[in-house]
Amino acid sequence: MRRFIAFAVASLPLFVASRARATAEFPGQIVSDQNITCANPLFDGNGCTICHQDDNGGLGTATRPFGRYMKSQGLTPFNDQKLGALLTALQNESPHTTDTNCDGTPDIDELTSCQWQNLTQDMCGADAGGVDGGSVPLTVFYGCSTSPTVGDRDTPILPGGAAVAIAGMLGAALIRAKRRKR
Amino acid sequence: MTSAWVRRAISLVIVACACAFVLLASRPAHAFPWMIREGYTGCNTCHADPSGAGILTAYGRGMEEVVLRTPYKKDADPGKLGNFAWSVDLPEQLLLQTDFRNLFLTLVPSGGTTQFQDVVMQLDQSAQLKIGRFRMNGSIGYSPPSTADGNFTFTGGGLGATLTDAPGVDGALIARQYWLGVDIGKDEEFLLRAGRMNVPFGIRTIEHPFLVRQVTRTDIDKGQEHGVSLAYTGEKVRGEIMAIAGNFAIRPDDFRERGGSGFVEWMPSTKVAIGASAMITHADQARTDYDISLAAAPIWRHAYAVHARISPVKPLVILAEFDALLNSQLVAGVSENHGGVVGLLQADLQVYQGIHVLAAGEFYNGHVGETSTYNTTTATAWLGAWWFFAPHLDFRIDGVYSSGSAPGLPPSNQGTSLLAQIHGYL
């Protein structure tokens with residue numbers, strides 16, 4: 001029993017996320033990165049629904065057109081730097097063309113002119129060719145979702161939890177081996 | 001309607017596998033795995049993974065010296081040559097293995113320009129720590145970045161098993177497997193584990209480009225999935241079932257396939273093994289990069305296989321697998337179901353200890369590229385030679401002709417390939 005508890009404790013860090021930056025910051029970051037000064041950009045107080053199905057967010061729920069587009073460009077949860085880079089890329093389009101929800105107004109313009117509520121609407125129709133009728137086909141990316149991306153090199157390559165767990169297991173083995181020798 | 005049918009099918013498969021385990025799990029594991037020609041029908045004596053492949057046990061290392069590589073002296077005592085780094089005595093609880101595998105590939109496409117590739121297929125450090133009945137197992141490796149110069153490309157492998165973003169300018173860290181497990185049963189005949197593991201399906205073979213492995217996405221190069229599995233190894237029966245939670249080395253989550261997979265293998269004699277496998281997965285979006293004929297929509301993917309491993313005389317081993325496939329999608333409210341088949345027949349002839357001649361034939365018929373010029377029927381022929389020429393070292397050459405492509409293979413697969421591989425491990 002004691003052995004099981006030691007094993008479980010040593011393994012616990014494997015299942016603990018190595019970093020917990022809240023994706024809930026994304027809407028606020030959009031406002032600050034884009035210097036949005038018009039009134040009430042977060043129309044519902046949260047702004048999550050420009051990407052997610054509802055304000056609860058969560059993995060697999062960024063199914064609205066803008067959310068699908070950002071995922072297709074490699075945005076992952078908690079990756080503030082990637083969000084900033086993607087917004088800059090949209091802002092640098094000349095002229096602004098990316099209109100993921102097919103409403104005729106470029107997404108970046110809807111964001112900066114506080115028309116976020118419009119961005120939640122999918123106007124693309126069923127024949128647009130994307131997922132669930134949207135206009136944005138997803139692209140597969142390789143690397144686990146908490147892995148470092150270009151410009152985000154401060155994230156540890158090996159999750160801290162895994163490193164602690166491995167060290168714990170090796171330590172336990174050494175202690176056991178020493179006890180056996182005695 | 002389709003979803004309900006599939007859910008019922010999943011339940012049936014799980015119940016059938018569970019019944020098979022309960023009914024057939026009768027005797028302790030005496031069977032020695034690894035090479036059926038030697039009379040070893042199972043895998044767990046030589047490999048840490050009970051269904052085969054990956055890091056070797058101490059016994060497996062010894063077997064490699066005794067029965068696999070070419071002997072240069074009669075009845076020579078292998079001594080410590082099979083040990084880690086040819087000499088190191090590791091503690092009983094610890095397994096270590098460092099692998100390097102490099103491939104030089106010449107592609108002669110039908111009607112195209114010859115291409116040359118150097119592929120660092122594997123540069124992995126694997127380890128397993130076992131304390132009592134509990135195990136921690138994993139591997140970590142490096143895949144170098146790709147560079148191209150004219151018709152020559154240098155590249156790494158393992159895309160789909162990467163910890164870091166890939167392909168990247170600095171290469172990528174690869175983690176093919178990492179799991180925690182507990183051995184269960186009087187003779188530790190069961191292994192329950194959770195983590196990233198090889199998917200239990202069909203013949204587990206090192207030839208990961210075989211169509212049966214590529215089309216079903218069950219190769220040991222990068223086809224691992226995260227999940228929970230239960231494996232059983234007995235004298236006459238072995239098998240494994242796995243609940244698949246998805247491959248978290250790819251994103252977004254829409255592409256991750258979830259479901260179940262499993263196989264059961266019956267060994268009526270020490271020279272014959274017959275098995276059956278089933279796999280059902282669902283993803284919110286199909287991998288159109290794997291199969292261009294699929295729609296960018298949710299998909300249920302089914303595969304059902306039968307296989308056999310037979311050694312009629314000691315030098316010869318015949319491997320055969322036949323898989324039935326079904327892709328089911330709901331596209332704009334309309335159900336689309338596409339069937340297919342894929343098969344493998346391989347002969348491994350050991351002409352002298354450590355020297356093998358291999359021949360294989362494969363075929364695929366399915367829903368590939370109906371909207372393009374790619375063939376819907378593909379046949380492949382392999383001929384190769386493999387020499388385990390020194391302790392921990394082997395060299396292999398293969399010639400492969402393929403008449404077309406298949407899901408998981410490059411569209412330009414049609415043509416002839418010449419492969420030269422060197423593999424070494426500590």
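B:Arg217 counts as buried because 22 C-beta neighbours lie inside 10 Å; a residue is buried if 20 or more other C-beta atoms, placed from the backbone, lie within 10 Å of its own, exposed if 12 or fewer, and partly exposed in between. The structure is a predicted model, in which local features need pLDDT of at least 70 and side-chain atom pairs count only at pLDDT 80 or more, while totals for chains, interfaces and linings use all residues. Residues are numbered from 1 along each chain as its sequence is written, and chains are lettered from A and ligands numbered from 1 in the order in which they are written.

B:Arg217 has a positive phi of about 60° although it is not a glycine. Its place is the loop between helix 3 (211-216) and strand 9 (225-233) of chain B; helices (H or I, at least four residues) and strands (E, at least two) are DSSP runs, numbered from the N terminus. B:His392, also not a glycine, has a positive phi near 70°. This residue lies in the loop between strand 18 and strand 19 (393-402) of chain B, and B:His392 is buried, with 22 other C-beta atoms within 10 Å. Another loop of chain B, between strand 11 (250-251) and strand 12 (258-269), holds B:Pro252. The peptide bond that joins B:Arg251 to B:Pro252 is cis, with omega about 5°.

The largest nonpolar core has 71 residues, of which B:Ala175, B:Leu211 and B:Val215 touch the most other members. Such a core is a set of buried Ala, Val, Leu, Ile, Met, Phe, Trp, Tyr and Cys residues joined through C-beta atoms within 7 Å. Strand 13 (residues 272-283) of chain B supplies the largest share of this core, 5 residues. Apart from it lies another core, of 15 residues, including A:Ile30 and A:Leu75. In soluble globular proteins, nonpolar side chains tend to be buried together.

Chain A contains 7 helices and 1 strand, in the order α-α-α-α-α-α-β-α along the sequence. Of its 182 residues, 32% are buried.

Within chain A, helix 3 (residues 65-72) is largely enclosed by the rest of the structure, because 7 of its 8 residues are buried. Those buried are A:Pro65, A:Phe66, A:Gly67, A:Arg68, A:Tyr69, A:Met70 and A:Lys71. They pack against helix 4 (80-92), helix 5 (107-112) and helix 6 (116-119) of chain A, a contact being a pair of residues whose C-beta atoms, placed from the backbone, lie within 7 Å. Just after helix 3 of chain A, A:Gly74 takes a positive phi of about 100°.

Helix 4 of chain A also meets helix 2 (residues 25-33) of chain A: their axes come within 10 Å and cross at roughly 45°. Axes are lines fitted to C-alpha atoms, for helices over the stretch in contact, with angles from 0 to 180 degrees between N-to-C directions. Helix 2 and helix 4 of chain A are therefore oblique to each other, since angles under 35 degrees count as roughly parallel, over 145 as roughly antiparallel, 65 to 115 as roughly perpendicular and the rest as oblique. Residues of helix 2 of chain A, among them A:Phe26 and A:Ile30, meet residues of helix 4 of chain A, including A:Leu83 and A:Leu87.

How values were computed:
Contact = placed C-beta atoms within 7 Å.
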